[in-house]
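Please keep the view open as you read.

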Amino acid sequence: MKLNVNPTRMELLRLKKRLVMARRGHKLLKDKQDELMRRFLAFIRDIRDLRQEVEKGLTDAFSRFLFVSATLNPQDLEEALSVPGKKLQVDVQSETIMNLRAPVFTPSVEGEVICYGYGNTSGELDISLFSVEKVLKKLILLAQKEKWMDLLADEIVKTRRRVNALEYVLIPNIEETIRSIEMKLSEMERSNFSRLMKVKEIVEAH
Amino acid sequence: MELRGNPDYAYAVGVIRVKEKALLSQERFNRLVEAKNVEDLLRLLSDTPYGEGSHEETHPERAIRQGLEREFLGSISLFSTLCHDQTIKETVFYRYDFHNLKVIFKERSAKGRLEPARYPDGNYPFDVLRAAVEENAWLDIEPDFRDTLRSCKAKIEEDPLPYVIDNTLDKTMFAMMRSRVKDADPFFREWVVSEIDLTNIGAFFRCRYAERPRAYLMAALIPGGTLDASFYQKAWEEPIESLPAKFQHTSYRKVVEKGIEAFEKGSFASLDRAMLEHRLAFHRETRNVAMGIEPLISYLVFKETETKMLRMILVGKMNRIDPETLKEFIPNALG
Amino acid sequence: MDFLGSFSYAVPLAGAALAVFLAGFGSSIGVGLAGQAAGGVLSEDPDKFGALLILVALPGTQGIYGFLGGFLVINKLGLLGGHPAHLTMLQAWQVFFAALPVGFAGWISGIHQGKVCAAGVAMTAKRPETMMKGVIYGAMVETYAILGLLATILLLNGIKLS
């Protein structure tokens, strides 16, 4: 689509400058997009392994807990777990990757996961809590990484939209406008020229 | 004339024998484990006490859970009506008193009410215990229980960790139980001692698995078992394989062997099961007692085990766990 | 009747009373025990009434034997027919001791039979088909009550009263 500008030589010069700028911007963004994609893919592989590990750990912990919770009297279980012994705190700081503000979680865990006595509870309950404990730090790391991936994915979408806007809209538009201005200018030149010829002819006839 | 058995319990034993007949047999459990789903499980339970009134509740899971709750609480109140021996009744009901005390102390830590954690009232109503702990209203509490409770409270307030609450109250409970059965029939003494031993052996393996310091175990051990603290202290230093030999002359050898398995398998399921089997075997012997309180206590234990196992099967069916895995959790010699 | 004669009647009558009293005492404890056990069973399973009836009734026989023993003593003394026998002091004591076996055997065996039957009731509650076994064990205790009665009868027969 042609830009709505006056077909003047000034505009032409300005547009040409813009075109150079747009091309350079396009190239930069394209590079950025490639880099983002590269990182994103590496990230995905990384997260997939971690996620599998966490999921496996959690499934194990939950299925154990499921059984244990059923083999104890509900009242005993309720009492045993009513006051947790473990305190979990997550500090959030931010870090910049690829110009993005990404959060970094630092968990600080204190206290014992076993918060009950040995009467009327079972050893299997301990184990199920241990397996939750083991997977807990990884779970927080996974949360952080998935958030990063989320941000990266957003950024990729944004960058791609910009690249596409430059590549398929702005640059072709400027080019078209430049072409049309040039045509218009040469058209004007030609008409000017013919007008001059005509004037010259009239002058010579006298 | 010294005769074993207490003729006052002829009626009670008559009732218990009929009730025992209604306990689910091993074969029944094997069938229940194979149930296709929760509806099927409910159908298989329909001719047992758990199935009574199930047609009023349309949701099968809720129906089974209601049945379990009803039967479990029913067994406690049955015991309460049949047992006339105040000492034994108190001994058995300490478990509920002390559990409710744990709940009261934990409510203080959690700053909220923990209704679902309460057992039915033991020797004292829940509110009396709560008034005693929270408002120092000791009037309704027997003098000896009052003193023990006071010292527990002082100890817990020094260090109000949930673990300390449980541990202090467990120890006090067993001490009270022991002093109650001191002059009773050997059965009751053996019963309390075996409960202490099983708790201690469990604590030993669980501490060792969790790689806790030795002092932690020493603090958790309950005095009064057949094996004293110095035994566990020595055993703590030994390599794990040499333990069964140390328990050679006790009845806990099998339990200990299963405890060792936990270290290889990373699961305490078989230890839990072995402990349960040990307990059931102890209580099974009261089947020969024609007259006495023993069958009443044993019935309570069998019924509690039965409801636990049924709940486990229910949860297993709801989560489509395969029958073989479920079977691993079910002890032999049920019913 | 002279003073000595009337006193000599008191001794065998005391024997007869003991026979009835002791055996009845044993029986009532025995039936009481078995009855309680049966009551417990019936409170949960009322259909068992018929099966438990024999077991509950079994310890009751001692009382009957005791009564029979007492009756035989009274008969021996001729108190029923209106022609009382003449007794010497020695004979009076003989009759007294002759009455004791059924009393003591009935007393002790009644209590124990009650226990055996209570156990039998508990057994029948679990497995109804074992009811007869419980009855047989109860009947073994019964033997000694019968032997006691038999001894009393033989002893009474052995005493010659004029």
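How many cavities of 30 Å³ or more does a search of the whole structure find? The search finds five.

## Before you start

This is a predicted model, in which local features need pLDDT of at least 70, side-chain atom pairs count only at pLDDT 80 or more, and totals for chains, interfaces and linings use all residues. Residues are numbered from 1 along each chain as its sequence is written, chains are lettered from A and ligands numbered from 1 in the order in which they are written, and side-chain values use heavy atoms, with hydrogens and water left out.

A cavity is a set of points, on a 1 Å grid over the protein atoms alone, where a 1.4 Å probe fits but cannot get out; lining residues have an atom within 4 Å of a point. Grid points are joined across faces, edges and corners, and a volume is the space filled by probe spheres set on the points.

The largest cavity holds about 840 Å³ of space. Its lining has 39 residues, and N120(A), E195(B), R279(B), E304(B) and K308(B) lie nearest the centre. Elements giving two or more residues to this lining are α1 (9–71) and α3 (123–205) of chain A, along with α5, α8 (162–181), α9 (186–209), α14 (269–284) and α15 of chain B. Helices here are DSSP runs (H or I, at least four residues), strands are E runs of at least two, and both are numbered from the N terminus. By class, the lining divides into 18 nonpolar, 10 polar and 11 charged residues. Ala, Val, Leu, Ile, Met, Phe, Trp, Tyr, Cys and Pro count as nonpolar, Asp, Glu, Lys and Arg as charged, and the others, Gly among them, as polar.

For the second largest cavity, the volume is about 50 Å³. Among the residues lining it are E90(B), Y94(B), D144(B) and R180(B). Both α5 and α7 (143–158) of chain B give two or more residues to this lining.

## Open pockets

A pocket is an open set of points with protein on both sides within 12 Å along at least five of seven lines. Of its 22 lining residues, R17(B), R287(B), A122(C), M123(C) and K126(C) are the closest to the centre. α4(C) gives the most to the lining, with six residues, and by class there are nine nonpolar, six polar and seven charged residues.

The second largest pocket has a volume of about 400 Å³. Its lining counts 20 residues, with K19(B), A22(B), P49(B), E52(B) and E71(B) closest to the centre. Here α4(B) supplies the largest share, five residues, and the classes are seven nonpolar, four polar and nine charged.

## A charged link between chains

Side chains of opposite charge can pair when their charged atoms come close. Over all chains, the structure holds 52 salt bridges, each being a side-chain nitrogen of Lys or Arg within 4 Å of a carboxyl oxygen of Asp or Glu.

Take R95(B) and D76(A), whose closest N and O atoms are 3.1 Å apart in a salt bridge. This pair crosses between chains, from helix α5 (residues 86–110) of chain B to helix α2 (residues 74–80) of chain A.

## Chain C

Chain C has five helices and zero strands. Its C-alpha trace spans about 65 × 25 × 20 Å along the principal axes.
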